[in-house]
Amino acid sequence: MAVIKKGPFAKRNTGRGSSSLTKFLFFLLGFFIVIFVGMNVSSSMNDNGASLSEADLTTFVSAVSNTVSAYTGTSSSSSSHQAYTNSPADKAAIKSSRSAIESSCTGLSADAVVDRIQKEMFTTLPTTAVTVPIHTPRPDVRKCKNVILDFGANVGDTLTHVIDAGIPKCAGELHMNLHDRIMAPGKWNRVTKFLKKMMDATKNKPEDYCYYGIEGNPVFTDRLRGIEDYIHSIYPKPVEHAAFFTESVGAGEVGMTKLYLDTVNTKENFWGSSIMENHQDVRKSKEAGDGKEAPSHDVMGYTITKLMEMTLKGLDDSASEEEKMGGHFLMKVDIEGGEYALTQEVVASKALCKYVAAGNTADVIIETHSQRVTGPNPLMRKFGGWK
């Protein structure tokens, strides 16, 4: 059974109330110490993806997309979806190629390593958006042994970190830019290092995981679908499977809800969008508009328990006993104050406890937000705030 431990950055202050603090500081979710027995709860922080221009605001739409109907929670095995998932042979090929590159990389330049990755690990690796076909139907949601849930996917940078964790580290650290379709030398951030550490602890690599990103801001819908198309154009895929729940958010209950939009932090990819109407960036966006009503968008809300049931074989009653054991669940949460309702729900459902008790491993990384950022939050007061 894993031991609970504080992450190396847990001593830092929470929230973005101070201009001297960066946005992406992750902290241990303290009140889950009893609930999360048997799980590693660590903390880390994100880096920013490529910024969107203010012109992207024009892509805001007035209705929810087909998220609700597309993501029904049923696992499809139809032939039209077979191409979206790596086979065991595909995973074995990636591992073999990675091992071969790492065992002979002495003296190789970064460009040489990238060239070998493109020729040996991923035999089809599109390098421009033009070469990426649009996949129809969209990638489905399926149940997997190892799953990464990314609440607050934003521009898809966490999926980048997941893939980076599996790139051979020969001539320094390499970074896959999913938006610009390039792989180049780049410094791994703490999220990449955290993910690699947790994967290594369970003897897994990125190709062993199904990744699901949850993002509510409609500005990012087309971009995230483009990343989906790119991932599913690579053969073999750097992850077992990948799909985004666009115009969807993490919530305390399943159903339609409202996401209040940050329209002012363009360079930070509108990072302050929140289900909390009094979030500081939502207030700024309201003031920048007509001053009467905060900009918002109707989105689908999903709980942790619901998405665990939809994606994990470890919670699938129809799965074999072998399939239910030995899995790994990685969850990242950065949802601007929504983490309180989201995590309270999974504590009540005991889904994480059930999953771990069945012989699986769970690791959780959460960015917490103080009331200086979110505005008054009764759930925070209930749990005594963050230390």
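The conversation below sets computed values against definitions.

Guide: This is a predicted model, in which local features need pLDDT of at least 70, side-chain atom pairs count only at pLDDT 80 or more, and totals for chains, interfaces and linings use all residues. Residues are numbered from 1 along each chain as its sequence is written, and side-chain values use heavy atoms, with hydrogens and water left out.

Visitor: What makes Phe245 and Tyr302 an aromatic pair, and why is the pair called edge-to-face?

Guide: Rings of Phe, Tyr and Trp (its six-membered ring) pair if their centres lie within 6.5 Å; planes under 30 degrees apart count as stacked, over 60 as edge-to-face and the rest as tilted. The centres of Phe245 and Tyr302 are 5.2 Å apart and their planes stand at 75°, so the pair is edge-to-face.

Visitor: Why is this pair said to tie parts of the protein together?

Guide: Phe245 lies in strand β6 (residues 241–246) and Tyr302 in strand β9 (residues 296–302), so the pair joins parts that are 57 residues apart in sequence. Both Phe245 and Tyr302 are buried, a term for under 20% relative accessible area, with exposed over 50% and partly exposed in between (1.4 Å probe, protein chains only).

Visitor: Why is the pair of Phe329 and Tyr355 called edge-to-face?

Guide: The ring centres of Phe329 and Tyr355 are 6.1 Å apart and the planes lie at 75°, so this pair is edge-to-face.

Visitor: What makes Lys169 a charge over the ring of Trp188?

Guide: The definition asks that NZ of Lys or CZ of Arg be within 6 Å of the ring centre and within 35 degrees of the ring normal. The charged end of Lys169 sits over the ring of Trp188, 5.1 Å from its centre.

Methods:
Helix = DSSP H or I, 4+ residues; strand = E, 2+ residues; numbered from the N terminus.
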